[in-house]
Amino acid sequence: MTTGTDRPTDAEATPGGSAAPGGNSSAYGESLADVYDSLYPAAGPAIDSMVGFLQKLRPAPASLLELGVGTGRLAIPLAGSGYRVHGVDASPAMLAKLHENDSTGRVTTSVGDFSALAVEERYDLVLTALNTFFMLPTQEQQISCLRGIHDALADDGVAVFETYNPQVYHRLTEATTRVGHLAPDALLLDTIQVNQSLQSVLVVHTIMSAGGLRKVPEVSRYAWPAEFDVMARLAGLRVTDRWADWDRSPVTSHSEKHVYVVERQNV
Ligand SMILES: C[S@@+](CC[C@H](N)C(=O)[O-])C[C@H]1O[C@@H](n2cnc3c(N)ncnc32)[C@H](O)[C@@H]1O
C-alpha cells in the first residue's frame, strides 16, 4: 500500500488491495455515501473517547491505517490529533466525501478491498471501527483480512477492532424493523434478518425522501469472541484485551459492543 499522495483520483486505482470499484465490497459505500454523514455524525463524546483510547495505546504522531475509512468520521479527528492517517476503502464515493470533509487534507487514502490488503507500509496502529470487520461476509475473508493486518503492523504495532456484541443480533429470532431520522424530509427504515446458523445478518436499508425510495442491502457476518481469538491466532496475531467501549469498561453479557486490542504473536 502506498501512502502520501495516493488520493483516489481514478476509479481504477486499487493500491490498498484488489477490489474492483463497483464490486461487492464497494456497494454499501457507493449507495450510502451521500447520506452517511447524517447517519453517523462526525463529532461527539464517543469520538473523543475513541481518540483517547488510541492515544493511550500508541500516542500521536504514530502512523495509523484505518480499514473501511468511509467519509473520515474517525480518520479526520485522528489526523487532527496528530496521527499520520491513511485510510483504505472499497468505495470511491465514500473517499470523495472524505476528501470534501478533510479541509486540511491531512488524511491520505487508497481504494482497495481490505480482505486482500497489499501492504507496502507498516503501521503503529490499524483501526477497523464501527462493525466494519463484520462487513466481510465469510470466515475466509475475515481471516484473510487479519493476515493482511498482521503484515501491515509494525513489530510493536497494535490493531483495534470495534464490533457489536454478536448477541445483539443473534438474539433476533424474528425479522425486525428500525426507523431512523435522516433529515427533516428523509427517513431511514432498516429491516433486519438474522440467520443464526450462518452468523449472518441481512439489513435492507430503505431511504425514503422527497426523491423517492432507495433500497440498499447489506450482508454482514458476526464472529463470536472465541472465534475471533482463533482467527487472530491463525493470522499470527493474538487478542490482548477486549473491552465493552472506548472507556475500557469491562465486557459483560449485556455489553452492546466489543473493542478488541490485538498484537502480533511474535512480540
Ligand atoms: C460502516 S462504514 C464505516 C466508516 C468509518 N470507519 C466510520 O467509522 O464512520 C464501513 C466502510 O467500510 C467500507 N467497506 C466495506 N467493506 C469493505 C471492504 N471489503 N474493503 C474496503 N472497504 C470496505 C465501506 O465502503 C464503508 O465506507
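View 1. The C-alpha centres of domain 1 and domain 2 lie 22 Å apart, the domain bounds being taken from an automatic or database domain assignment. That assignment gives domain 1 as 24-164 + 222-264 and domain 2 as 168-220. The model is a predicted one, in which local features need pLDDT of at least 70 and side-chain atom pairs count only at pLDDT 80 or more, whereas totals for chains, interfaces and linings use all residues. Residue numbers start from 1 along each chain as its sequence is written.

**View 2. Contacts between the domains.** In this view 13 residues of domain 1 are in contact with 13 residues of domain 2, contact requiring that the C-beta atoms of two residues, placed from the backbone, lie within 7 Å. On the side of domain 1 that touches domain 2, the largest share, three residues, is supplied by helix 1.

**View 3. The shell around the ligand.** The ligand is surrounded by 24 residues, of which Ser25, Gly29, Gly68, Gly70 and Ala90 are the closest; a residue is near the ligand if its C-beta atom, placed from the backbone, lies within 6 Å of it. Helix 1 (27-32) and strand 2 (84-89) each contribute at least two residues to this shell, where helices (H or I, at least four residues) and strands (E, at least two) are DSSP runs numbered from the N terminus.

**View 4. The packing of helix 5.** Buried residues of helix 5 (residues 92-101) include Pro92, Met94 and Leu98, buried meaning that 20 or more other C-beta atoms, placed from the backbone, lie within 10 Å of the residue's own. The buried residues of helix 5 pack against elements including helix 1, helix 4 (75-80) and strand 3 (108-111).

Notes. Buried ≥ 20, exposed ≤ 12 C-beta atoms within 10 Å, placed from the backbone.
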